[in-house]
Amino acid sequence: MAETSVNHPKVIIFTTPTCTYCNMTKKYLREKGIRFKEVDVSRDPAAARDMVRRSGQMGVPVLDIGGKIVVGFDRPKINQYLGIK
């Protein structure tokens, strides 16, 4: 029987292709084995509006972790919301 992973909240990350911190955040999530949905706000104006509605600002990355918003690559907050160390 396969080992079951801890059930983490749904993660959405709003990014742009040229964003260094977006790439760092995605790399960090992959290293931690966290699955996420990436939304490129540079290609999707509706997603950009959704991101601003959720976070109140235009900068990326913005993470939605189970409904809790993290602006930027804030590792302590990301870990807290994911329940990881």
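Q: In which strand is Ile12 found?

A: Ile12 is found in strand S1, where strands (E, at least two residues) and helices (H or I, at least four) are DSSP runs numbered from the N terminus. This is a predicted model, in which local features need pLDDT of at least 70 and side-chain atom pairs count only at pLDDT 80 or more, while totals for chains, interfaces and linings use all residues. Residues are numbered from 1 along each chain as its sequence is written, and side-chain values use heavy atoms, with hydrogens and water left out.

Q: Why does Ile12 count as buried?

A: Buried means under 20% relative accessible area, exposed over 50%, and partly exposed in between, with a 1.4 Å probe and protein chains only. Ile12 counts as buried because its relative accessibility is 11%.

Q: Which residues is Ile12 in contact with, leaving aside its neighbours within four places in sequence?

A: Contact means heavy atoms within 4.5 Å. With those neighbours left aside, Ile12 is in contact with Lys37, Val39, Arg54, Val62, Leu63 and Asp64.

Q: Where is Ile34 found, and which residues does Ile34 touch beyond four places away in sequence?

A: Ile34 is found in the loop between helix H1 (20-31) and strand S2 (37-40), and counts as buried because its relative accessibility is 5%. Not counting residues up to four places away in sequence, Ile34 touches His8, Val11, Leu29 and Leu82; from C-alpha to C-alpha, Ile34 and His8 are 7.5 Å apart in space, although 26 residues apart in sequence.

Q: What backbone features are found at Gly83 and at Pro61?

A: Most residues other than glycine have a negative phi, and most peptide bonds are trans. Just after H3, Gly83 takes a positive phi of about 70°. A cis peptide bond, with omega about 0°, joins Val60 and Pro61, and Pro61 lies in the loop between helix H2 (45-55) and strand S3 (62-65).
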